[in-house]
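Hi everyone, thanks for coming. Let me put the sequence and the structure up on the screen, and then we'll walk through them together.

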Amino acid sequence: MEKYEKATAAAVNASGPGAFRGYAARFLNIDRQGDIILPGAFNGAIKEFMADGGMVLADHQNKTSAVIGTLIDATEDKNGLIVDVTFSATKSGQEVRQLVKEKAVRKMSIAFMAKKPTRIPDAQIRELWAKYGYIPSESQKKLARNGANLISEVAEVLEVSIVPIPRLS
C-alpha cells in the first residue's frame with residue numbers, strides 16, 4: 001500500500017452556523033501527483049474513518065490544536081467524495097470557520113492508503129473517461145499523455161484537511 005494525499009480545487013462554502021460541505025476528493029481527474037481515483041474507491045474506508053471519529057484537520061497538521069471539526073457525513077456522487085463537516089467550538093475551529101466564510105481558504109485535501117495502485121497509459125485513461133462520461137479539460141488531456149496511477153480502492157483514510165494550498169507528497 002502507498003500513502004497518497006489528494007487535494008481538490010472545489011470551493012468549500014460556509015452554510016449555516018459552524019458547518020460546511022465540500023469535495024475531499026474528485027473522481028476521474030488526474031491530480032498533481034499523476035493519480036486518478038475511480039468512483040467507489042472510498043466506499044469502505046470512509047465508513048471506518050467516520051467510525052473512528054472522522055477528525056478534520058487544518059492544513060495536514062497532526063496535532064490536537066489542528067483538529068478543527070468532525071465529519072458528520074461523507075457520500076460519493078458522480079464527481080467525487082463529498083463531506084459534511086461541523087466546526088469545533090474551539091478557537092482554532094472558529095478561526096478556520098471564519099476563513100472559510102471569507103473564502104480565504106477554499107480547498108480540501110485527503111490523505112489515504114491506496115490498495116494496489118496500477119499505472120495505466122493514456123489510451124486506458126481516455127477509455128475510463130468515455131466509460132464514465134467525464135469530459136476532461138485540455139490540461140487533463142495533456143497530463144494523460146504521461147499515463148496515471150489508477151486508484152480503484154482505498155484501504156484507509158488517514159485524514160481530511162481543509163487547506164489554503166493542497167499539500168503534495
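First, some ground rules. This is a predicted model, so to speak of local features we need a pLDDT of at least 70, side-chain atom pairs count only at pLDDT 80 or more, and totals for chains, interfaces and linings use all residues. Residues are numbered from 1 along each chain as its sequence is written, and side-chain values use heavy atoms, with hydrogens and water left out.

Okay, the overview. The protein has four helices and 11 strands.

How much of the protein is buried? Of the 169 residues, 47% are. Buried means under 20% relative accessible area, exposed means over 50%, and partly exposed is in between, with a 1.4 Å probe and protein chains only.

Now contacts, meaning heavy atoms within 4.5 Å. Take the contacts between residues at least 6 apart in sequence: 72% of them join residues at least 24 apart.

On to the core. A nonpolar core is a set of buried Ala, Val, Leu, Ile, Met, Phe, Trp, Tyr and Cys residues joined through side-chain atoms within 4.5 Å. The largest one here has 42 residues, and the members touching the most others are Phe42, Leu81, Ile110 and Val157. Let's look at Leu81: leaving aside neighbours within four places in sequence, its contacts include Tyr23, Phe27, Phe42, Ile46 and Ile110.

Next, strand S3, residues 19-26. Six of its eight residues are buried, so to speak mostly covered. S3 runs antiparallel to strand S7, residues 80-87, and seven bridges join the two. By the way, two strands pair if DSSP finds at least two bridges between them. As an example, Ala19 has Thr86 in S7 as its bridge partner.

Now helix H1, residues 43-51. Which residues of H1 are buried? They're Ala45, Ile46 and Phe49. Seen down the helix axis, they fall within an arc of 95 degrees, so they line one face of H1; that arc is taken over the directions from the helix axis to the C-beta atoms. On the other side, Lys47, Glu48 and Ala51 are exposed. The cover over the buried residues of H1 includes strand S5 (55-58), strand S6 (67-76), S7 and S11. Just after H1 comes Gly53, with a positive phi of about 120 degrees.

Gly69 has a relative accessible area of 3%, so it is buried. Gly69 and Ala58 are 11 residues apart along the chain, and their C-alpha atoms are separated by 8.9 Å.

Let's move to strand S4, residues 35-37, where we find Ile36. Why does Ile36 count as buried? Because its relative accessibility is 0%. Skipping residues up to four places away in sequence, Ile36 touches, among others, Leu28, Trp129 and Asn149.

Two of those are worth a stop. Leu28 is in the loop between S3 and S4, and its phi is near 70 degrees, a positive value in a residue other than glycine. Leu28 is buried too, because its relative accessibility is 4%.

Asn149 is in strand S10, residues 148-151. With a relative accessible area of 18%, Asn149 is buried. Its side chain makes a polar contact of 3.2 Å with the side chain of Arg119. A polar contact is a pair of N or O atoms within 3.5 Å; within protein, one must be able to donate a hydrogen and the other to accept it, and residues adjacent in sequence count only if both atoms are side-chain atoms.

One more of those to finish: Glu159, in strand S11, residues 154-163. Glu159 counts as buried at 9% relative accessibility, and its side chain has a polar contact of 2.6 Å with the side chain of Ser161.
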